[in-house]
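Here's a walk through this model, taking one residue, one chain and two ligand sites in turn. Have the viewer open as you read.

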Amino acid sequence: MAKADFEVPELKKHIEVPRVEEGTMAHLSPYVAKPDHQNGVGYPEELVENWHEKTLQAMDDVRKKYRSFQVYLDACVKCGSCTDKCHYFLGTGDPKNMPVGRQDLLRKVYRRYFTLPGKYFPKLVGAEDLTRETLDDWYSYYHQCSQCRRCSVFCPYGIDTAEISMAAREILDRVGYGQKYCNEIIAKVHKIGNNLGLPGPALLDTLEGLEEDVFDETGVEVKFPLDQEGADILLVTPSADFFAEPHVDGLMGYGKVFHEAGVSWTLSTTASEAANFGMFIGSYENMRRISLRVRQAAKELGVKRIVFGECGHAWRVAYSFLNTLAGPFDFLDPKYPVPQHICEFTYDLIRKGKLNLDKSANDEMVLTFHDSCNVARASRMGDQPGGQFTIPREVIKASCNHYVDMHHDTIHEKTFCCGGGGGLLTDDLMEIRVKGAKPRMTALQNVIQENGVTHMAAICAICKSQFSKMLPFYGMEMDQIVSVHQLVSNAIILTGQKTDEDAEENATEEA
Amino acid sequence: MSFLTIVFALLFYAATAILVIGIGYRISTYAKAPAPLKIPTTPAPTTKPGVVLRLFREVVFFESLFKGSKWTWLFSMLFHAGLALVLLRHVRYFQHDVWLPIQLIQPFGIYAGFALALGLIGLFMRRILVDRVRYISAPSDYLMLILLFLIGLSGLAMKFVVHTDVIAVKDFFLGLMTFSWSPLPADFLLIVHLLLVAILMIIFPFSKLLHAPGIFFSPSRNQVDDSREKRHIAPWAKQLEE
Ligand code: SF4
Ligand code: SF4
C-alpha cells in the first residue's frame, strides 16, 4: 500500500454519504503560481494591490460574457439534490465540497455586491463581504473541483459547478492568484507544444522506438510518423502517450489500427498535445491559443482529417469547443466529422470488418470500463446521443472475451470522476485526489470481488495517470488500469503478421 | 371608497409592475449575456425539437431532480403541481365569464391546496432534518417556504373555516383590471392572504424564484449537441479573430 500523511479512506460495500463535517479540507491548497508562470499565461505576476476592486470587476465581466455564470448564480434554489453527488464531498464530508457549497463561496459575494437583497439584507440571504480570506477559500476549494459535471446531471436547472469553478479560477488568475500546476503547463504548451515540454527530437526518438517494438513483436513495419506533410490524418494525442505506461500501449494500438486501415497519418511536433489546460483555468484566450496550434498543424501538414487520441478533458475541448475556438475547418475533407475520436475511427473499422481481432489475446483479463467524466457528460461519439458510452465499450468487447460493467449508478452519465481531473493531477493535491477516488474505487472493488474483474480500461490520460497512483493506495495494483487501445493492440492481428504457428514452423525449419 | 381598498388597489398595481418589469429585466440580462461555448450536459439532444422536449420534461416532470433526490422530487412535485392547479383555479377571479376548463377544475383546485401545503411541509422538514440541506440554507430559504405556506393556509382557511365574499373579491380584481375600482371586503384572512401574495410578487425578481425563468436560459439544458456540425461563436469571441 502507498504511504500517505493523511488517512486513506476505507472502502465499504456501498458508497456512503458522509455526515457534514466543516473544514475537513480547508487546509489543502495547491502551490501558487510563480511570477514567470503567471507571465507565461498573461496574468499579473502576483496578487495585485487593489485585488478587492479587481475581483469584483472580473466577476462583473465574467457574468456579462458567460450566460452560464449569471444564470447559475441566480437560479439555485438550495434544493440539495446535488449535495451528495460530488466525489470530493463523498470522500471528505467537507460541506464546501458539496457542489452547491462550492458555488456558494462565489454566490455569497455575488449576492452582496450585485443583488439588491444582498446589498441591504446580507444576513437574510446569506450574502458576505469579499475579504482576503474569501480569496483563500476560493483558491482552496475551487482547486478541489475536477470540473467533472456530475453535479449538473442531478440539478433541476442543470447548474454546472464546473462552470463556476472555471470562472472562479479565471477571476483569481486575473488578480494574480493563479495555480502553479496549470499555469506552468499552459506556458509550456505555448512555448514547446506539449504539456511535458518534450522537444521534437525526443518525440522522434520515442516513435522510432515504438516502430522497433512493434516490428519485433509482429514482424510488420508499422510506421509512427512525425510531421509528415501530405498525410491523410493528423493524430493529436496527450503527451503522456509518448512515454508513460499504460498510455504508450494505447499509442501502439492507434498506430496498428491506422496501419490496418491503410491510411497515412502523422503526429505533429507543434500540436503534440491533445490536452488543453486553458479550459481548467476558464480562460477562453488561452484555450483558444492552444487550440489554434491544432488548426495550424493541420494546415501546414496539409492533412484531410483530424483524429484525437484517448484523452478526456481534451476530447471535450476537441468535440465541443474546437470548431468554436479554431474553426471553421472547411479546408478538411467534409466527409468526416472534425475532429474524430480514435474510438470512433476504430469502431468504424470494426463494423466494416476491416480489423482482424483475436479476442483471446486478452483472455488473462476480465475487464470493466471507466467512463471518463468529460467524455461522458460533455461530449459525444458517433451520431447518436450516448455514443460516448457505447462506442468505447463496443471497441473493448470486440477485443476481449470477458467484460463486466460497474454498478449502474457509477457509469455512463452518472460516472464518477477519477479524482484527478480539472488541473488536480499534481502531488500537492494528493490528499483530495485520494479521497476523491473513493467512490470509483468502491465500485471497482465490488466488481473485482463479485465478478472477478482484473483490469479497468479508460480513455483518458488523466484517468490513467491518476488510477496508476490511486490503485496502490486502495490495496490494488497500479497496472490494473489499461488503455482501450492497448486491448486493441493486444488483439489485433496485422496483415502479414507472424503468428505463433509461423513461429513454430520457423523453429522446426531451423531445427 | 374605503382606505383599505385604495391601499390594496395601489399595492397590486405596484406589485404587478415590479413583478413584470423585474422579471423582464432579469430575462433581458440573461438573454444579453452570450453563451460562448457549447456546454450541454450530455447525452443531449442533437436537434432543436429534442431540446424543446428535454426542457419540457425538465419543467413538467423535474427529470433531473428525480434522478437526484426522490424525496425532494416528491415534495416539489406536490407543491408545484398543487400550486399550478390552485393558480388556475384562481383565474376565475379575473374573468367575467369563466372559461369552461377553469370551471371544470374548480373541485380539484381544492385538493390541490392541500397538496401544496403538504409539499411545503415536506420541503421544510427536509431543510431542517438533512444536515447537508441545513448547511446550505439561508434564513431567506426558510422564510420563502413559510411565506408560501401562509399564503396557502390563509387561502384554505377562507374556503373551509371563515368564508369570504368571493363575489366581492372577484369584483375587486375585475375592477382593478378595468380601472373602475370596487370595494374589497375587509376580512382578516383575505387581507392577510392578499398582502402575502403581493409580497411574493414583489420579491420574485430579486430572489431565487428566478429559477423559473432561469431554467430556460440554462446552457447545459437548452443547447443542441451539434458542435461538430455547426460553428457556434459569441460576438465577443468573434472579435478575437479579427
Ligand atoms: S463538477 Fe464534479 S468535482 Fe466539481 S463540484 Fe461538481 S461533482 Fe464536484
Ligand atoms: S441541485 Fe442545483 S438548485 Fe439544487 S442545490 Fe444543487 S445547484 Fe442548487
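Is B:Ser218 buried or exposed? B:Ser218 is buried, because its relative accessible area is 0%; buried means under 20%, exposed over 50%, and partly exposed in between, using a 1.4 Å probe and protein chains only. Bear in mind that this is a predicted model, where local features need pLDDT of at least 70, side-chain atom pairs count only at pLDDT 80 or more, and totals for chains, interfaces and linings use all residues. Residues are numbered from 1 along each chain as its sequence is written, chains are lettered from A and ligands numbered from 1 in the order in which they are written, and side-chain values use heavy atoms, leaving out hydrogens and water.

You'll find B:Ser218 in the loop between α10 (211-214) and α11 (219-222) of chain B. Leaving aside residues up to four places away in sequence, B:Ser218 touches A:Val71, A:Tyr72, A:Tyr157 and A:Gly158, where contact means heavy atoms within 4.5 Å.

Zooming out to chain B, there are 12 helices and zero strands. Both are DSSP runs numbered from the N terminus: helices are H or I with at least four residues, strands E with at least two. The C-alpha trace of chain B spans about 65 × 45 × 40 Å along its principal axes, and 50% of the chain's 242 residues are buried. Of the contacts in chain B between residues at least 6 apart in sequence, 71% join residues at least 24 apart.

Now for the ligands in chain A. The table sets out their shells, counting a residue as near if one of its heavy atoms lies within 4 Å.

| Ligand | Shell | Closest residues |
|---|---|---|
| ligand 1 | 14 residues | A:Cys86, A:Cys145, A:Cys148, A:Arg149, A:Cys151 |
| ligand 2 | 13 residues | A:Cys76, A:Cys79, A:Gly80, A:Cys82, A:Cys155 |

The ligand 1 shell splits into seven nonpolar, four polar and three charged residues, while ligand 2 has nine nonpolar, three polar and one charged. Here Ala, Val, Leu, Ile, Met, Phe, Trp, Tyr, Cys and Pro count as nonpolar, Asp, Glu, Lys and Arg as charged, and the others, Gly among them, as polar. Around ligand 1, α4 (87-92), α5 (99-114), α9 (150-154) and α10 (161-174) of chain A each bring at least two shell residues.

One last stop is A:Lys191, in helix α11 (residues 180-191) of chain A. A:Lys191 counts as exposed because its relative accessibility is 75%. From A:Lys191 to A:Lys435 is 244 residues in sequence and 34 Å in space, C-alpha to C-alpha.
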